[in-house]
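Good morning, and thank you for coming.

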Amino acid sequence: MEVEKMDENDWKYHGEGNKSIVVSHAQHSQVLRFLKHSVEDHKHRCQTPEQTQQHIQNIVDFGKHVMRSLLGDNFVHHGKAVKLPLDFVNQLSLKIEPERPESRTDKVMDTLSGWALCLPNLTQLPDHLGEHRPALCIEIKPKCGFLPWSRHVTKDVKLKVCRFCMHQHLKISSGKWKRRSQYCPLDLFSGNKQRMFLAIKHLLEESQNNLKIFKNGELIFGCKDDANQKRDLNELAQHLWPFFFPTGTLIHGCPRRKAVLHKLTQVVTMALLSSGEPGNVTEPRRDHCHTSSLLQDCCRKANSGLPKDCVLSKILQVQLLDDLDIEGIYPLYKRVERHLAEYPEERSTMQVDGPYNESFLERLRCCPSNDNGSVEYAVGKVHQYRVAMAAKDCSIMVTLAPCEGDEILRPAVEIQPSKPRFRGSVSILDLDPKPYESIPHQYTLDLQIVSNYIQSVQSDSEPASPNVRQRQLDRDDCTLVFHSA
Ligand SMILES: O=P(O)(O)O[C@@H]1[C@@H](OP(=O)(O)O)[C@H](OP(=O)(O)O)[C@H](O)[C@H](OP(=O)(O)O)[C@H]1OP(=O)(O)O
Ligand SMILES: Nc1ncnc2c1ncn2[C@@H]1O[C@H](COP(=O)(O)OP(=O)(O)OP(=O)(O)O)[C@@H](O)[C@H]1O
């Protein structure tokens, strides 16, 4: 990329989250990720260009030195910080503004610093492989895949219902989403194919911000402010039909939509479970969220664990660094705060705001396992918690292309046995360091999620009797899960 020759017409709006806006290059497999600011911060120029540069460099370093080591080189692309001409950035910002979803316009793109992150476009295959080859990309934001077990947890419900499922109630009552998602991260992370199929089915039914699908780099499903899921699924099936049924053959008696979504679910499950070391399986986790609608008995029997090096296993291992729960972390955060109030100069030696280098990683690894009352212990646990938080908020990109014969696509993940055959790559994105300052917010949010959930379940029809609950479960269409072809 030649920064002097940047032309906004070569770039188009690609997507955004809470913290950044992404634009993709029209010809090359590249994206630029810009930071976003609140309108107020932008107006008052709250961050200097040097601070923004540092912020972006911290993201690169965190990916390069911390997350790559913990999650694996294959999965993490740390990208590089680039300084762009302000003119280009301003023109680009004006160009993409009409494309932005209404719900995200409370923040604006940083047009003041000229700094951005340059990354490979993970929705496409690399330039040298991508030519004339259709690519399908499935992005999943899986969220937290385990139930806490910490002795610091004070509400029993947290040991039974996962945070995502509880949070759904708050998201509905606050108006963030209109319909509750039945997706449960514990199903996805179970390693059990039936539960994983169910998780993906639920993501397809109500994608919220947890599922997006791209075809040749273009968003074709998910992430809409107000989606009509049924219509969208029909459209999705139309889009995907040529990928999965290139010869046009119909499965006798099976509706087209169902056949395509079934294939998609199978292929995504295989990609999420694909591992460098086939057959290597971790200890099964016994987590089962009580609001997940798969019959508990079935889950218990089939909890087969994740292959050791698959992407889900890697992410889960890092999430599990949060072993104290926010209720155990918050007092440690306050210990650090008290120490810093007395010795503010130690903030940098403690690496509270980075740098995210080898020695930060070492601090994570060397943190004592028991609380000896020291500030070192508190800092180590807070760092571990922040790293776990990043892994709880990341997204997985599965990018696939049909392939013929024995041709090899690299970096390779092979979907076997599948017809047609697919090869491609699995990556993890959005691994930004979570700010130390967000811990009090996390604590308050946790309290809010739990109390809202308890209230909402109590006020929903008197606690459903087992029969009512069972009828509810029976109504779910599990044929996709239980009668695979
Ligand atoms: O707190 P959560 O679990 O709601 O996660 C936030 C996400 O909400 P979600 O529930 O996934 O819709 C939220 O995503 P959305 O803006 O809702 O798409 C962000 O990812 C936020 O991270 P950050 O503050 O931008 O670094 C996320 O905040 P962190 O808690 O990860 O800092
Ligand atoms: N390297 C990439 N290649 C292709 N698409 C990308 C890439 N990075 C980000 N995207 C797209 O842009 C979207 C927003 O990016 P990202 O998730 O990093 O934003 P964010 O603001 O950090 O999100 P969050 O709300 O989780 O904090 C992603 O969901 C993804 O669709």
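I shall speak about the surroundings of a ligand and then about a pair of helices. Please note that this is a predicted model.

Let us begin with ligand 2. Which residues are closest to ligand 2? Of the 22 residues that surround ligand 2, the closest are Asn 18, Ser 20, Glu 139, Lys 212 and Asp 430. Sorted by class, this shell has eight nonpolar, six polar and eight charged residues. Several strands take part: at least two residues of the shell come from each of β1 (11-16), β2 (20-25), β3 (30-38), β6 (115-120) and β8 (211-215).

Now consider the backbone. A backbone N or O atom of Ser 20 is 2.7 Å from an oxygen atom of ligand 2, and one of Gly 17 is 3.4 Å from an oxygen atom of the ligand. For Leu 122, a backbone N or O atom lies 2.9 Å from a nitrogen atom of ligand 2. On its own, ligand 2 has 610 Å² of accessible area, and the protein covers 94% of that.

I turn to the helices. How do α7 and α8 lie relative to each other? The axes of α7 (residues 193-205) and α8 (residues 229-244) come within 9 Å and cross at roughly 110°. Angles of 65 to 115 degrees count as roughly perpendicular, and α7 and α8 are therefore roughly perpendicular to each other.

Key: Residues are numbered from 1 along each chain as its sequence is written. Chains are lettered from A and ligands numbered from 1 in the order in which they are written. This is a predicted model: local features need pLDDT of at least 70, side-chain atom pairs count only at pLDDT 80 or more; totals for chains, interfaces and linings use all residues. Side-chain values use heavy atoms; hydrogens and water are left out. Axes are lines fitted to C-alpha atoms, for helices over the stretch in contact, and angles run from 0 to 180 degrees between N-to-C directions. Helices (H or I, at least four residues) and strands (E, at least two) are DSSP runs, numbered from the N terminus. Angles under 35 degrees count as roughly parallel, over 145 as roughly antiparallel, 65 to 115 as roughly perpendicular and the rest as oblique. A residue is near a molecule or strand if one of its heavy atoms lies within 4 Å of it. A polar contact is a pair of N or O atoms within 3.5 Å; within protein, one must be able to donate a hydrogen and the other to accept it, and residues adjacent in sequence count only if both atoms are side-chain atoms. Accessible areas come from the Shrake-Rupley method with a 1.4 Å probe; for residues, only the protein chains shown count as cover. Ala, Val, Leu, Ile, Met, Phe, Trp, Tyr, Cys and Pro count as nonpolar, Asp, Glu, Lys and Arg as charged, and the others, Gly among them, as polar.
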